[in-house]
Amino acid sequence: MLAPAAEDGDGPVADGHDPTPAAATGDPTTGTRRTSGIRGFLTRLSDAAARLWRGARGLWRTSLQFRVVLTTMLIGTVLTVTLQSFLYGRIADGLVSARMEMAQNDAAQSAADLRRVLDEHDQADAEEFLTSTHDVIGRQEENENREITLNRSPSNRSGPAAIVAFDTSYPPEMMPEDLRQAISDDPTHQQVQIVPLPVGDQPDVPAVVVGTQIVIPEAGPYELYYIYPMAREERLMVVIWRVFLVGSVAIVATLGLVAFIVTRLVVDPLRQASEVAGRLSGGHLNERMLVRGEDDIARLATAFNDMAEHLQQQIRQLEDLSRVQQRFVSDVSHELRTPLTTIHMASEVIHDQRDGFDPVVARSTELLYAQVQRFEELLADLLEISRFDAGGAVLDLERVDLRDIVSRAIVGAEQLAVSRGSEVLVVGGEVPREAAVEPRRIERILRNLLVNAIEHGEGRPVTIELGSDDDAVAIVVADRGIGLKPGRPTSCSTGSGAPTPPVNAPPAAPASAWPSPSRTPTCTAAGCRPGASRAPAPGSGSRCRAPQVPTSRAPRSRSNRRSSS
């Protein structure tokens with residue numbers, strides 16, 4: 001029956017379009033989308049694996065419990081796999097050996113029966129003899145656990161070739177050549193070999209093949225093979241392997257659980273000790289560990305609590321001693337202020353009338369007045385120390401010209417400079433050097449630096465250099481003494497940060513000679529950023545920097561640390 005023709009251009013031929021789908025024509029757009037999707041999936045998988053690896057590494061570094069559990073499971077896995085592989089091999093060898101022994105015994109008995117039947121039958125009638133032989137082999141083949149193959153021996157050159165021909169599903173070509181050759185070389189003994197043969201729908205199943213040679217009258221030697229498939233043993237080994245696999249997983253999981261529980265018993269007290277130690281370091285001195293039982297962990301907790309108790313007692317004793325010291329300093333400072341005020345007033349009266357005294361008495365009056373003023377300064381420092389210890393020191397900044405502070409420090413150290421024979425030189429004092437500082441503290445720091453330079457300057461000139469830039473004002477005190485011995489700079493403080501060379505440095509302390517600390521003390525007060533250094537040539541220098549903060553922006557801060565110079 002013919003199909004009707006397409007009308008009015010309907011149909012694939014009429015409209016000129018190919019009806020083949022785009023996917024069948026290999027559309028490049030579809031292939032590109034598929035490739036992009038695969039790449040995206042691989043990228044996401046790689047990112048997930050990377051995150052998992054980073055998380056595992058982090059846990060390995062930070063968690064003792066994770067390390068112990070993972071290590072235990074890895075060791076358990078290795079030991080379980082090793083032991084089960086050994087047992088699996090031994091079981092497989094045992095099954096094969098038993099199967100081979102059974103096959104040899106059964107094959108020997110069956111071959112003996114066949115030979116006896118061949119010897120008893122009348123060989124006159126060849127047709128009847130062939131039928132009897134087939135009947136005997138057929139009865140032996142009724143055993144479902146084996147199959148029999150009777151093939152003409154390759155060395156058989158006598159008798160008609162077709163007098164006996166009995167084959168099963170295994171043709172002679174499937175028998176290994178080395179097995180056939182062994183049977184031909186030693187026809188009086190059985191030859192055994194494991195050969196992979198097809199059994200049912202399974203292509204290669206190990207089978208025990210027992211071969212021997214029988215001689216059929218009028219036909220010559222024939223090869224007789226008894227084939228014992230090991231399908232049942234193979235299924236048994238599969239079941240054993242599954243049992244071993246499930247057992248391995250169960251054993252490793254049990255080991256991991258045991259390790260987790262045991263480790264937790266140890267890690268939890270350690271974590272508790274860490275938390276308690278953190279709270280102790282934070283000032284909670286009454287924190288203690290919970291003691292349970294009498295085991296090693298309990299003894300550790302008891303020892304930790306004893307240590308915490310001892311530390312608490314020591315800290316309380318130190319706090320009490322500190323309070324006593326603060327109270328003593330405060331009381332002494334206030335008790336000395338009243339008599340010192342009287343002495344100061346009396347010394348001023350005497351000092352004002354020194355012109356009418358004898359020159360020696362007048363000089364003594366001046367010395368008395370100077371020492372009383374110094375005593376007042378020492379008492380003021382003592383009061384300031386008391387305020388620092390009490391945490392009530394206040395930093396009052398004001399914008400001053402540091403040249404005035406330098407002048408007062410030089411006047412205060414003038415007597416020492418004269419006695420030591422040192423001349424104090426000022427460099428950079430031609431222009432104002434203003435900064436936001438606390439004048440009293442800066443003066444004390446500068447005076448200490450200057451006195452130290454004069455004492456260690458060995459009578460040589462001492463230079464005070466002033467310099468400034470847009471951010472800070474610096475004062476450098478440099479002497480020309482012996483400086484530091486080799487190896488000593490490493491034991492001195494460098495202040496805050498590496499020192500920088502001063503502005504307009506004098507010849508004795510060039511700008512390039514400030515790389516290492518000196519024995520001249522550094523200072524830290526009122527916004528100073530000090531630095532002390534030692535030049536390669538003899539001598540040493542100290543630098544103090546103060547920020548140029550406008551008076552309107554001068555900060556008021558509280559300090560609980562004592563200024564050092």
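The points below go through a predicted model of one chain, from the whole chain down to single residues.

1. Overall make-up. The secondary structure of the chain comes to 10 helices and 13 strands. The chain has 565 residues, and 33% of them are buried. Its accessible surface is about 34200 Å², with 58% of that belonging to carbon and sulfur atoms. Among the contacts in the chain with a separation of 6 or more, 66% are between residues 24 or more positions apart.

2. The two annotated spans. An unreviewed UniProt entry lists residues 68-89 and 239-262 under "transmembrane region". What secondary structure does the model give residues 68-89? That span is 100% helix and 0% strand, and its end C-alpha atoms are 32 Å apart. Residues 239-262 are likewise 100% helix and 0% strand, with 34 Å between the end C-alpha atoms. The label itself comes from the UniProt entry, while the helix content is computed from the model.

3. Helices H5 and H6. Helix H5 covers residues 231-281 and helix H6 covers residues 296-352. Their axes come within 11 Å and cross at roughly 5°. Angles under 35 degrees count as roughly parallel, and H5 and H6 are therefore roughly parallel to each other. On the H5 side, the residues that meet H6 are Pro269, Leu270, Ala273, Val276, Ala277 and Leu280. Their partners in H6 are Ile297, Leu300, Phe304 and Ala308.

4. Helix H4. This helix spans residues 177-185, and its buried residues are Leu179, Arg180 and Ile183. Seen down the axis of H4, these buried residues fall within an arc of 100°, so they line one face of the helix. An α-helix has 3.6 residues a turn, so residues three or four places apart point the same way.

5. Helix H8. Which residues of helix H8 (residues 402-412) are buried? They are Leu402, Ile405, Val406 and Ala409. Seen down the axis of H8, they fall within an arc of 100°, so these buried residues line one face of the helix. Their cover includes strands S6 (398-401), S7 (424-427), S8 (434-437), S9 (462-468) and S10 (472-479). Helix H10 (439-456) is also part of that cover.

6. Glu443 lies in helix H10. It counts as buried because its relative accessible area is 16%, and buried means under 20%. Leaving aside neighbours within four places in sequence, Glu443 is in contact with Ile405 and Arg408. Ile405 is one of the buried residues of H8. Ala453 also lies in H10, and its relative accessibility of 1% makes it buried. Apart from neighbours within four places in sequence, Ala453 is in contact with Val462, Val477 and Asp479. The C-alpha atoms of Ala453 and Ser422 are separated by 9.5 Å, although the two are 31 residues apart along the chain.

7. Gly428. This glycine is in the loop between S7 and S8. Is Gly428 buried or exposed? Gly428 is buried, with a relative accessible area of 5%. Leaving aside neighbours within four places in sequence, Gly428 is in contact with Arg433 and Leu466. Gly428 and Ser468 are 40 residues apart in sequence, yet 9.3 Å apart in space, C-alpha to C-alpha.

8. Val418. The place of Val418 is in helix H9 (residues 414-420). With a relative accessible area of 64%, Val418 is exposed. Val418 and Gly459 are 41 residues apart in sequence and 9.2 Å apart in space, C-alpha to C-alpha.

9. Glu458. Most residues other than glycine have a negative phi. Glu458 has a positive phi of about 55° although it is not a glycine. Glu458 lies in the loop between H10 and S9. At 48% relative accessibility, Glu458 counts as partly exposed.

Methods
Residues numbered from 1 in each chain as written. Predicted model: local features only at pLDDT ≥ 70, side-chain atom pairs only at ≥ 80, totals over all residues. Heavy atoms only, no water. Buried < 20%, exposed > 50% of the residue type's maximum accessible area, 1.4 Å probe, protein only. Helix = DSSP H or I, 4+ residues; strand = E, 2+ residues; numbered from the N terminus. Arc of directions from axis to C-beta. Contact = heavy atoms within 4.5 Å. Areas by Shrake-Rupley, 256 points an atom, 1.4 Å probe, with all protein chains shown as cover. UniProt positions renumbered as here; feature names shortened; annotations may be inferred. Axes fitted to C-alpha atoms, helices over the stretch in contact; angles between N-to-C directions. Parallel < 35°, antiparallel > 145°, perpendicular 65-115°, else oblique.
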